[in-house]
Amino acid sequence: MFAQHLANGAVAGSAYALFALGFTLMFGVLGVINLTYGFYFSAGAFLALYLTAAGAPVWLALPVASVLIGLTAVGLDAALLTRLRRAKAPELASLMVTLGATLFLYSAATAIFGTDIRRFPPAVFAGGAFEIAGVRLTLSQFLIMGTAALSVAVLLFVMRGTRIGLAIRALAENSDAAQLMGADAGAVTRLVSFISGALGALAGILIGLKDNAIQPYMGEAMMLKGFAVIILGGLGDIRGALLAGLAVGFLESMTAGGLFESVSGGYVSSSWKDAVGFVLLVLTLWIRPSGLFGRASVRRA
Amino acid sequence: MMRGVRSLIPALAILCAALALPQAAARAQGKEPVTIGSVEILTGPNNKYGVAIKNGFDLALEEVNKAGGVLNGRPLEIVYEDSAGAKEQAINAVRQLIGAKKVPLILGPTLSNEMFAAGPVANGRKIPIIGTSNTANGITAIGPYVFRTSLPEADVVPVTLKAAMDKLGVKRVAVMYGNDDAFTKSAYDVMKAALAKLGIEVLATETFGSKDTDFSPQLTKIEGLHPDAIVVSALVEAGSGILLAKKALGIPASVRVIGGNGLNSPKVGEIAGDAADGTLVGSPWFIGKADPVNQAFIAAYRAKYGSDPDQFAAQAYDTLKLAAKAITAAGAPDPEKIRDALTKTSHDGVMGKLSFNAERSPADTSGVAVLEMKGGKYRIFK
């Protein structure tokens, strides 16, 4: 049973990490707490749902939906934040603009799609499960773990090993200086928006496949956890997002699975599931105010 | 063109009157009708409940009047008021029925919330009021003039658990409930009490949030305890997620999920597919019940409305039949006498035997149907 609990934690943690990756990138590089991010998560799942309903295989729907939502993210970012960037508006103004846009988008999605939970057609994704040494995992759970690991590896490579990555990091470090050195701020902003949006959509589709429950507000529930994860990991830090995501996932799964019940004399039961991530967050911020991997007053990417 | 249409209106009116004549003639057998009132949601987003209830009343009314009406041949009539699902409008409707229409009995309103608002008005004026679809705790505690014919969850859940115990030998269960929703929490309280009363051992009690989508940690723990069944208090969404996760974890189908009213919805089968197979729920009424009274009701309903009745129509149908009996037994259309007669009347209806206990709620649960999910649809559990 313990192995199964570990596997549950790894799956939940990978899901959080996958969601947090795009969020931390957007936050860390563009310097904006963009609340529309949660909407990309919902929108990706819905788009993939409609593509598969129209007959597309899931292997096609997954990348197509991610790319389309990535492009949507570029468009939304440009429409909402270009003016504010030009005016060098304070962060709070950008935050409020994206909050307004998010509420609008969710309301519109609810009006169009309703709040009913939808599921992928049964034929789209064979619900097969693998059993290895008493641990049972479904194909979609493997897919989430694999995609999270792959995304981290690719992102780290792009950031550390390419010129584009250098430009992104330079811009995150000091936007004005980077532009004076010839980095194209507009292009980098669009690229980061695209990657973030696509990652958010990818996370939404995969988690939608795993839980088979898709509804417009699914991104909102994820945002709160996503916040905890990226702050815990350090803003803009890719490794941090992965490790913090896994930590929160493991802790939650173990709490919900009752592993702390005997240790705490039956007190910490499954009811405490949603609290543990935030307890970890508060404790970490007391000890390291910039998160596990963050450096004080320096933005990293 | 406009003039032409206008000149048609008087002609139409005469035509309508002519069509209505035979009915009026039948009614006017020298006797004055007895008029009762009803408050239901007839417009707005929740009107499907109110319309189903009205259909049930109207069908029963037709049959009652065909069989000679009430009080030795006086026809029965219902005046409907629309609450639109709003408490304030329900209160006004009850005031209107009592003040202007002078009705001696009111049926409805549709929602428990509306009854909590409008029930005290009727009770204060000493006019009996019967809710046909109110299942919340405390409805009849409003006062001695408030009745209900809908079975509360507390009466349905023990029947389901008893059936699982008797037919499947369920002795040890794990319980899961949504702890952030008043409805699922109160259903859990009911389940806990019923499990204790039946002597079923509870191995573990796990909670989840109504918006959760990942239930594998709780189910992994439950799997390790090897229960005979899992008792779940959840709404459709979370409940379906639990069923899907249970299958994904490989918990055998022989470990049934036993649900409350929250899982008594065809949507569970639509969302969870074959993962939902074997789920047990209790229902005060079921379209597949084979007894002749129920089958006759379903046939008549289909003939009149062209669609299948639901639980709300069935409850309304039985309630009107019972109310007609009580009015006749009262001997006069007098609120006080009708109230006293209601407490003593019983009726064998489509939901089984219907009569009131000392709390003016249904006294009998023998009509509860235990249902089992198979191939995405509920059917009678055998």
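## Close-up views of a two-chain predicted model

**View 1. Polar contacts across the interface of chain A and chain B.** Six residue pairs, both residues at pLDDT 80 or more, are in polar contact across the interface of chain A and chain B. A polar contact is a pair of N or O atoms within 3.5 Å; within protein, one must be able to donate a hydrogen and the other to accept it, and residues adjacent in sequence count only if both atoms are side-chain atoms. On the side of chain A that touches chain B, the elements giving two or more residues are H1, strand S2 (135-138), helix H8 (185-211), helix H10 (238-256) and helix H11 (273-287) of chain A. Helices (H or I, at least four residues) and strands (E, at least two) are DSSP runs, numbered from the N terminus. H1(A) gives the largest share of this side, four residues. By class, the side of chain A that touches chain B has six nonpolar, 10 polar and eight charged residues. Here Ala, Val, Leu, Ile, Met, Phe, Trp, Tyr, Cys and Pro count as nonpolar, Asp, Glu, Lys and Arg as charged, and the others, Gly among them, as polar.

The model is predicted: local features need pLDDT of at least 70, side-chain atom pairs count only at pLDDT 80 or more, and totals for chains, interfaces and linings use all residues. Residues are numbered from 1 along each chain as its sequence is written, chains are lettered from A and ligands numbered from 1 in the order in which they are written, and side-chain values use heavy atoms, with hydrogens and water left out.

View 2. Chain A brings 24 residues to the contact and chain B brings 25 residues, where contact means heavy atoms within 4.5 Å. About 2,000 Å² is buried between the two chains, and carbon and sulfur atoms give 49% of this area. Buried area is the accessible area (1.4 Å probe) that two parts lose on being put together, summed over both. Two salt bridges are counted between chain A and chain B; a salt bridge is a side-chain nitrogen of Lys or Arg within 4 Å of a carboxyl oxygen of Asp or Glu. B:Asp212 pairs in this way with A:Lys273, their closest N and O atoms being 3.2 Å apart.

**View 3. A salt bridge between two helices of chain A.** A:Lys225 and A:Glu252 form a salt bridge, with the closest N and O atoms 3.2 Å apart. A:Lys225 lies in helix H9 (residues 218-233) and A:Glu252 in helix H10 of chain A, 27 residues apart. A:Lys225 is buried at 12% relative accessible area, and A:Glu252 is buried at 3%. Buried means under 20% relative accessible area, exposed over 50%, and partly exposed in between (1.4 Å probe, protein chains only).

**View 4. A salt bridge within one helix of chain B.** B:Lys162 and B:Asp166 form a salt bridge, their closest N and O atoms being 2.9 Å apart. Both lie in helix H5 (residues 153-168) of chain B, four residues apart, about one turn of the helix. B:Lys162 is partly exposed, with a relative accessible area of 37%.

**View 5. The largest nonpolar core.** This core has 67 residues, of which A:Tyr37 and A:Tyr40 touch the most other members. Helix H1 (residues 2-30) of chain A gives the largest share, 12 residues. A nonpolar core is a set of buried Ala, Val, Leu, Ile, Met, Phe, Trp, Tyr and Cys residues joined through side-chain atoms within 4.5 Å.
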